[in-house]
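Reader: Could you walk me through this model? I'd like to go residue by residue where that helps.

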Amino acid sequence: MSRDMIIDLHPTEDQQMIADSIGAMLADTLPVSRLREKDAWAAAPEVAMWKDFAELGLFAMALPEDEGGAGYGLCEELVAARELGRVLASPSLLAQIAAVHLASGDDRAALVSGDKRAAFATPGVDGALYLYDGVGADFVVVLDSGVSLHKADGFDWSEAVAMDETVSIRRASPAPAPGNRDAMADRVSLLISAALAGMAQAATELAVEYAGQREQFGQPIGSFQAIKHALADMRVRADAADSQSRVAAVAFGLGGNDRREVAAARWLAGNAALENARAGIQVHGGMGFTAECDAHLFLKRAHLFASLGSSRRGEERRLIASA
Amino acid sequence: MSRDMIIDLHPTEDQQMIADSIGAMLADTLPVSRLREKDAWAAAPEVAMWKDFAELGLFAMALPEDEGGAGYGLCEELVAARELGRVLASPSLLAQIAAVHLASGDDRAALVSGDKRAAFATPGVDGALYLYDGVGADFVVVLDSGVSLHKADGFDWSEAVAMDETVSIRRASPAPAPGNRDAMADRVSLLISAALAGMAQAATELAVEYAGQREQFGQPIGSFQAIKHALADMRVRADAADSQSRVAAVAFGLGGNDRREVAAARWLAGNAALENARAGIQVHGGMGFTAECDAHLFLKRAHLFASLGSSRRGEERRLIASA
Amino acid sequence: MRLIEDPKLDRFRAECRDWLQDNVPTAKRPPDGLALREYDLAWQRTQYEGGWAGVSWPKEYGGRGLSVLEQLIWHEEYARAGAPPSASMFVALSHAGPTLIVQGSDEQKQRYLPKILKGEENWCQGFSEPGAGSDLASLKTRGVVDGDHLVVTGTKIWTSYAEGANRQELLVRTDPEQPRHRGLTWIVCDMDLPGIDIRPITAMSGVTHFAQVFYDEVRIPLANVVGEINKGWAIAMTTLGFERGTGTIAHQIELANGVERLIEVAGETTDPETGRSLLDDDAVAARLAGLRAEVMALRSLTVASVSRGMREEVPGAEGNIPALYFGELTRRVNGAALEILGPAALARDGEHNWPLHYLESFKWAIGGGTSEIRRNVIGERVLGLPRGPRAI
Amino acid sequence: MRLIEDPKLDRFRAECRDWLQDNVPTAKRPPDGLALREYDLAWQRTQYEGGWAGVSWPKEYGGRGLSVLEQLIWHEEYARAGAPPSASMFVALSHAGPTLIVQGSDEQKQRYLPKILKGEENWCQGFSEPGAGSDLASLKTRGVVDGDHLVVTGTKIWTSYAEGANRQELLVRTDPEQPRHRGLTWIVCDMDLPGIDIRPITAMSGVTHFAQVFYDEVRIPLANVVGEINKGWAIAMTTLGFERGTGTIAHQIELANGVERLIEVAGETTDPETGRSLLDDDAVAARLAGLRAEVMALRSLTVASVSRGMREEVPGAEGNIPALYFGELTRRVNGAALEILGPAALARDGEHNWPLHYLESFKWAIGGGTSEIRRNVIGERVLGLPRGPRAI
């Protein structure tokens with residue numbers, strides 16, 4: 001960020017409205033606890049709600065008004081992405097937002113309206129392409145060093161089993177040749193960073209709530225420094241990730257070293273989501289280790305999002321590469 | 001370590017005797033608090049005591065009896081090195097032990113008797129050779145990727161100022177070409193590891209003592225989990241470093257992957273000495289930040305020892321290199 | 001410190017190795033349930049018949065009466081041979097059994113110990129409660145003396161392999177008037193008694209080894225009390241220190257093998273971003289180097305623990321040091337695998353099933369004493385720091 | 001979140017930059033002592049005369065009456081211009097001054113504030129005591145009312161730049177009957193009063209900016225009491241929250257510059273072990289990349305703090321978040337320099353004097369609230385967790 005830039009991180013009125021409306025819809029329809037139900041993926045509520053999200057304008061926030069969008073920018077998309085991250089919404093909702101930018105003409109219109117669906121896929125070190133929540137999707141947004149849009153039926157998918165069993169995964173070989181790192185790849189990376197920051201926040205809140213209620217040795221465990229300090233560190237990590245992703249979003253496209261801003265945001269957000277998920281499980285003690293508690297859902301989902309077209313090492317390389 | 005090896009880490013009778021006699025001598029003559037006196041280096045008690053150390057047999061423990069030694073091995077040297085580390089004794093005492101192994105004939109005899117003195121030197125990234133406590137020394141034990149013995153007057157030394165102002169430093173350019181990593185280099189590295197492990201232990205004990213006495217909020221600060229857990233982690237790091245250096249010493253020279261054992265010992269010991277020194281300062285709070293408390297002496301000395309012919313990265317390379 | 005050079009030990013090791021090579025079961029181990037229990041018991045019987053059950057247990061109860069060194073050698077060779085984890089036999093072999101050896105009456109030892117070694121009975125634990133995880137002193141499950149029985153009502157949680165277990169080491173409150181750790185009793189509960197109900201708990205890994213156990217006026221003979229009534233805390237504390245590291249040595253070796261496998265895989269795998277092997281990335285190599293050093297440290301801490309064990313009758317609180325180290329390290333090793341190998345390692349049907357190892361690894365920093373409790377114990381009982389203002 | 005595009009702010013920044021470019025002192029700053037004080041006061045006078053003192057202070061006391069944004073811009077340009085650290089003026093400008101603005105009487109404000117901005121007086125702090133470092137509520141230095149004076153006896157420690165300071169913000173116990181944080185009084189002490197004795201303390205870096213101050217029946221007029229007698233705790237707590245991050249922004253930028261310098265040096269330096277540059281080692285590069293990301297996060301946390309500051313009158317406990325982050329990060333950055341650069345960086349006469357930066361960096365996790373206290377405050381006042389059983 002150029003030091004000449006003055007940024008207000010407080011949400012604008014529009015941003016607050018977006019956060020409130022999406023947040024309210026998600027709290028009603030996609031509480032994190034839904035993921036303990038172990039429904040088959042086909043019943044995942046996000047798919048059934050695709051049209052609702054479209055009507056809310058989620059997929060076209062940053063399109064100009066004459067294309068049916070709201071004329072907002074990346075900052076507003078980021079607000080939505082954080083809310084989606086907080087409830088561990090399907091990664092394909094973010095894929096849809098990305099796909100709208102990558103598509104054009106009729107495809108774009110069908111994505112905006114929710115008539116067609118997109119999902120993320122990312123290559124593994126085994127050379128295969130891994131697709132998340134892509135059953136029935138029309139488009140695949142492939143995240144590697146770059147980002148590119150593909151027809152879903154151009155691959156020969158086979159089923160796989162995910163660590164996060166609340167997400168469906170499929171694989172196809174070989175993965176397409178990696179693309180170049182361009183501004184769109186940075187943009188999508190920032191959306192994922194915001195979702196990861198939202199997970200880090202929500203994991204903190206979950207653990208804080210538990211620590212304030214659960215008693216051991218005659219006191220709430222949150223009164224013990226070992227727990228209190230772990231929670232304080234969780235909050236600090238979540239705040240760092242969130243602030244940096246917001247600063248990077250404002251700086252995005254304004255020139256300067258913003259590629260590093262994006263890399264820092266992703267590095268911090270991946271770290272915060274993973275570390276906070278781990279710490280959250282530990283704060284929950286025995287409960288945290290069970291499938292009956294939400295804590296592990298954050299862990300599994302954080303690993304998935306953190307690995308989407310990126311790795312800690314990849315961001316480190318970008319952070320050191322000359323601007 | 002081959003899994004076929006059964007090791008008893010408990011000190012043998014001889015080892016206990018060595019620890020007791022050197023420990024008693026050091027406690028009397030070289031308490032850590034001496035380093036707060038800010039005497040000029042020329043008055044450093046180690047130099048005045050060189051003959052006493054020689055008489056105690058410190059420099060020749062591992063020489064055969066017909067060469068005036070005690071016929072012990074690396075394990076016994078290690079016991080002594082740990083005690084020297086605990087009181088932050090001059091690195092040149094370990095240099096002298098190393099020099100005895102590297103020298104022969106009259107030189108060796110003069111080193112054993114304490115008539116001649118050795119000191120460590122190690123190259124910096126600036127290409128210079130850094131000499132520690134080498135004023136008046138006859139030999140220089142150069143630690144780089146290997147270890148080699150040089151006459152001290154073969155270099156053109158100039159004075160420098162050390163972070164650890166209780167140690168004198170000098171520099172000379174250029175440093176000799178680095179040697180090969182051989183068994184002797186591993187042996188010296190283990191002595192330094194043991195000294196670092198001793199520092200990590202003594203720093204823990206200093207902090208534990210303070211935390212048991214110092215009161216805040218009406219209780220000894222050691223009763224607060226934030227402090228208690230920091231101290232527990234210090235103990236664990238010190239134990240890990242100490243156990244590993246002892247296992248590596250027993251395994252030394254018996255074949256197998258012992259180069260990795262040595263590298264692990266050094267990596268763990270450097271880490272333990274540095275982290276424990278930092279944590280020790282934090283436990284001491286405001287006092288820890290002052291020159292009036294011993295805590296910072298451990299920090300400065302740990303940095304010095306950790307950088308002697310080694311770096312964290314160097315040990316990591318050795319840990320991964322094929323055996 | 002010294003190398004123990006003893007031809008007897010070398011011979012013992014060779015014997016272990018030979019026997020294990022010939023006898024380790026080749027049939028695939030069932031993942032859970034009663035089939036798993038049967039498998040574990042059968043393998044225990046095989047070991048007993050081969051003369052390898054209870055290497056360091058007294059001879060009179062079917063053990064071999066050897067030292068902690070032979071025990072260590074056995075564990076090492078056991079892990080090297082890829083023998084099945086003790087799993088559903090773990091509490092019997094490494095917890096309840098050792099406790100009975102030290103604290104049980106002669107009659108109790110005769111009654112229980114041989115059946116453990118012979119693979120006739122397995123045990124589970126009943127210590128933690130929903131309201132008392134780390135805080136054992138606040139247990140609420142009640143035991144009321146009624147004639148020559150103790151009538152137990154309440155619930156226990158985190159009981160591993162409860163389903164099909166024969167016996168349980170159970171800690172109940174027999175005197176509610178006495179504060180906290182007083183008034184507890186340690187008793188052997190037969191798991192087929194009327195009034196016991198077992199509800200499995202699914203772990204985040206999907207494995208269902210845990211259960212919550214409910215007791216509705218379960219009548220346990222008073223003869224099953226170990227030690228005295230209301231003096232159960234001391235018995236439980238004996239057990240708590242028993243881990244010298246040898247009990248988990250198989251897990252430690254598994255962890256070390258995991259690091260080696262990860263280094264191997266990283267060396268064989270091409271990083272699509274750089275076109276080089278993952279291990280050619282110095283940062284990945286450095287991370288793996290550090291983990292390798294820490295795994296070596298873990299083993300050395302265990303060697304130190306065994307060295308103490310050769311001299312002490314009753315293990316001290318130092319046993320928490322390798323336990324804490326292991327609990328934290330195993331999670332980091334398995335987490336590193338997922339982070340380094342990325343999306344391909346997040347699939348559960350991959351060659352190594354890293355997710356299962358990773359998710360299960362969290363339990364070592366939680367179960368049997370959280371890392372926080374272990375740090376408390378190290379601070380207070382090893383370093384001698386004052387207790388906090390909590391009312392223990 | 002948005003970019004604030006305001007030509008007024010751009011003009012303000014340009015003005016700052018131009019003025020600083022012409023006026024930042026070029027003479028070398030004395031390391032300590034009275035010469036340092038004179039230097040700092042002279043530079044403050046220059047700022048005042050240029051119209052740059054107290055950018056966000058009220059106009060009636062000589063400030064410019066601008067917002068926190070102009071304040072931030074000023075700090076940024078100040079740091080960019082390499083202007084001297086506020087050092088001996090820090091307490092006056094960032095602590096005592098802001099406290100008086102909120103809590104002082106009109107007369108007190110008139111008496112003290114203009115002299116600060118004009119560079120006529122500098123202040124020191126008198127809060128901590130040898131027996132009460134983190135635990136301010138247990139202060140023992142006594143203040144006894146005698147006529148219209150408070151007679152102070154006792155001692156304060158960790159007072160920075162005490163030597164030559166004109167005034168001190170002093171917290172003393174005026175009612176020993178009341179428990180802990182009650183019965184404390186916040187008073188302005190003139191440092192030239194009889195009975196004051198100053199003993200310098202040498203920090204581990206060798207720097208002697210700290211002192212212990214002894215008070216032997218020092219008579220301070222009651223008119224110097226800020227707020228009411230026995231109500232000093234609330235005044236001190238106001239001050240504690242003042243740090244919005246902008247006070248330390250110069251240090252933050254210095255830290256960011258340190259990381260950049262370290263990356264640069266690592267790129268230019270050959271690793272004798274590999275023959276490549278230090279930065280060609282991916283592990284070194286990764287470590288520096290992480291530090292660069294964290295320095296960026298620190299700045300973003302401060303931006304967030306300033307954004308809150310644009311809306312809140314009284315700063316909340318969130319200010320502890322960037323403060324904690326900075327305290328931990330600065331130590332790691334400077335420690336990384338020593339570890340990466342090795343023996344050459346352990347000499348104090350090298351080009352960058354890394355040891356001085358490193359040793360001084362420890363104070364940020366200790367002074368003005370240790371990291372432990374900051375985590376307590378974040379836990380309790382930001383997250384709303386219950387207090388521990390300590391008797392605060």
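Reader: Leaving aside neighbours within four places in sequence, what is A:Ile281 in contact with?

Author: Counting heavy atoms within 4.5 Å as contact, A:Ile281 touches A:Gly288, A:Phe289, A:Ala295, A:His296 and A:Leu299, and also C:Met204, C:Phe362 and C:Ile366. Please bear in mind that this is a predicted model, in which local features need pLDDT of at least 70 and side-chain atom pairs count only at pLDDT 80 or more, while totals for chains, interfaces and linings use all residues. Residues are numbered from 1 along each chain as its sequence is written, chains are lettered from A and ligands numbered from 1 in the order in which they are written, and side-chain values use heavy atoms, with hydrogens and water left out.

Reader: Is A:Ile281 buried or exposed?

Author: A:Ile281 is buried, its relative accessible area being 0%, where buried means under 20%, exposed over 50% and partly exposed in between, with a 1.4 Å probe and protein chains only.

Reader: Switching topic, how many residues of chain C are in contact with chain D?

Author: Seven residues of chain C are in contact with seven of chain D.

Reader: And how many salt bridges does the rule find across that interface of chain C and chain D?

Author: The rule, a side-chain nitrogen of Lys or Arg within 4 Å of a carboxyl oxygen of Asp or Glu, finds two salt bridges between chain C and chain D. One of them joins D:Arg276 to C:Asp282, with the closest N and O atoms 3.7 Å apart.
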